[in-house]
Amino acid sequence: MKTYRIVIAVAVLTLTSIARPSLAQLEGSHIATSSDHPVAAIQDTETAAQRDARMSWWREARFGMFIHWGLYSIPAGTWNGKQVSGIGEWIMNRGSIPVADYKALASQFNPTAFSAHDIVALAKSAGMKYIVITAKHHDGFAMFDSKADPFNIVAATPFHRDPIRELAEECRKQGVKLGFYYSQDQDWTAPGGAAFKTGNHDLPTHHWDPAQDGDFAAYLHTKAIPQLKELLSNYGEFPVVIWFDTPTADMTPALAGEIVALLNQHPNLIWNNRLGGGYQGDTETPEQFIPAQGYPGRDWEACMTMNDTWGYKSYDTNFKSTETLLRNLIDIASKGGNYLLNIGPDSMGRVPPAEIERLQQVGQWLRVNGEAIYGTHPTQFGDEAGAFSTTEKDKQGKPKFIPAWNWRSTTTADSIYMEIFNGPSGNLHIGKVSRTVTGAYLLADPARKPLKFTQTADGIDIALPTHALDPIATVLVLKTK
Ligand code: FHN
């Protein structure tokens, strides 16, 4: 019987640097900072117990669905016969498409294949507990019935339906939570909303049409804040999350404070760290990467695409494998975070089959092994995720984090879960287990046959079967006291 040995040092690891991928840098958020909050956010005044109560469903959830869907799904990455580089939902910016031409897409938008029922059912079958959908992305097109601005799916398209309302109804029926992404700062079709006017960008064209001229505060007061009020009032118990994005220096503390005053009227709401104006929000939002050891002391959610775009692009077929997606989820859970995994429906409202297939496979694993993910706490070990290189540097010149892909661990009050990627086979040695182990079995074993183990001061040895119960991750449960 092959013996392999995992020596674990309980490590207190401090995260000092996080590398961002280049795409996120180019099209990512530029967060203005200031500690001078003109309005105290509810988070600043609530007690730790109140905060725990507010965040409890979100911390249990661990897995959510991001949906990027809008007019950009019509060109789907191609404008005037030419493929436009970059992520699909940025086509208007990347292609410097005139405002009038882009707005004209609305008259063609008739996604009659959209089914809120099927999308919510897909999220459920994937084991996702919440959905966050783009109510308005940077193109300024509202995917909901808005009286505040006519450039919306009900007033400006032949579809005339409100998918946000339909999703809210389905989420209510199927027991999934619903949150709204809202691009509060960038709005390329509203005068004053074409962001980066104040600099701090590295894209070639950001203000490409005189129709974008205008005052940012006026845009905020006449469009963004009124639409946020609509979103916060018209959908019953939803949204549970408001997901802001790409704040620029235009979002001053005073302007952001006006939004915070509105958010404070909804004391159960969770909102992220991308409002701007120096507000931290509730959650850190690493994008397209998993931080080396999470964010100790902060709630966090890694958002990621399945291919290389958020909004649908007809020719992006660079899908990650189910193995990668699932191991990402496990890695994130082991560091105490949530995984917000994106789908990009097409212009008819259909979810690409490659995305459906992968989500269903992740769901199959979770139906057997979900106990090791939902409501769990981070690893009690720490260095199994990898280590900072002593020689290699990342793009910021900081020591590069080299992930290890053998196993991860999550915990609950009475269990330690070991999600084993390569194997298991034979004897498993785990050093420095801080709790007394009272039993061991594999989660995918319907009989939960007790596994033989011995625990000493040197760690624990467990006799595992020689074959993996799951090709992606086999979960060993150690019951503890
Ligand atoms: O610019 C957006 C991008 O289109 C996408 O919505 C992502 C999702 O997190 N956020 C911004 C980039 O950081």
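A disulfide is taken here as a pair of cysteine sulfur atoms within 2.5 Å, and by this criterion the structure, which is a predicted model, holds zero disulfides. The sulfur of C171 lies 19 Å from the closest cysteine sulfur, that of C303, which is too far for a bond.

Residues are numbered from 1 along each chain as its sequence is written, and side-chain values rest on heavy atoms, with hydrogens and water left out. Because the model is predicted, local features need pLDDT of at least 70 and side-chain atom pairs count only at pLDDT 80 or more, whereas totals for chains, interfaces and linings use all residues.

Secondary structure elements are DSSP runs numbered from the N terminus, with helices (H or I) of at least four residues and strands (E) of at least two. Helix α11 comprises 17 residues, 353-369, and its end C-alpha atoms are 24 Å apart, in agreement with the 24 Å that it should span at 1.5 Å a residue; the expected span is 1.5 Å times one less than the number of residues. The buried residues of α11 are A354, E355, R358, L359, V362, G363, W365, L366 and N369. Seen down the helix axis, these buried residues fall within an arc of 165°, so they line one face of α11, the arc being that of the directions from the helix axis to the C-beta atoms. An α-helix has 3.6 residues a turn, so residues three or four places apart point the same way. On the other side of α11, P353, Q364 and R367 are exposed. With contact defined as heavy atoms within 4.5 Å, the buried residues of α11 pack against β2 (63-67), α6 (116-125), α10 (322-334), β11 (338-343) and β20 (474-480).

T285, in the loop between β9 (283-284) and β10 (299-304), is buried, with a relative accessible area of 4%. The side chain of T285 makes a polar contact of 2.7 Å with the side chain of N273, and another, of 2.8 Å, with the side chain of R274. R274 is placed in the loop between β8 (270-271) and β9 and is buried at 1% relative accessibility; its side chain also makes a polar contact of 2.7 Å with that of D245. T252, in the loop between β7 (241-243) and α9 (253-263), is partly exposed, at 31% relative accessibility.

Strand pairing, which requires that DSSP find at least two bridges between two strands, was examined around β19 (residues 459-464). Five bridges join β19 to the antiparallel strand β16 (residues 426-430), and four join β19 to β18 (residues 453-456), again in an antiparallel arrangement. I462 of β19 is the bridge partner of L428, and F453 also stands opposite I462. β18 and β19 form a hairpin with two residues between them.

How values were computed. Buried means under 20% relative accessible area, exposed over 50%, partly exposed in between (1.4 Å probe, protein chains only). A polar contact is a pair of N or O atoms within 3.5 Å; within protein, one must be able to donate a hydrogen and the other to accept it, and residues adjacent in sequence count only if both atoms are side-chain atoms.
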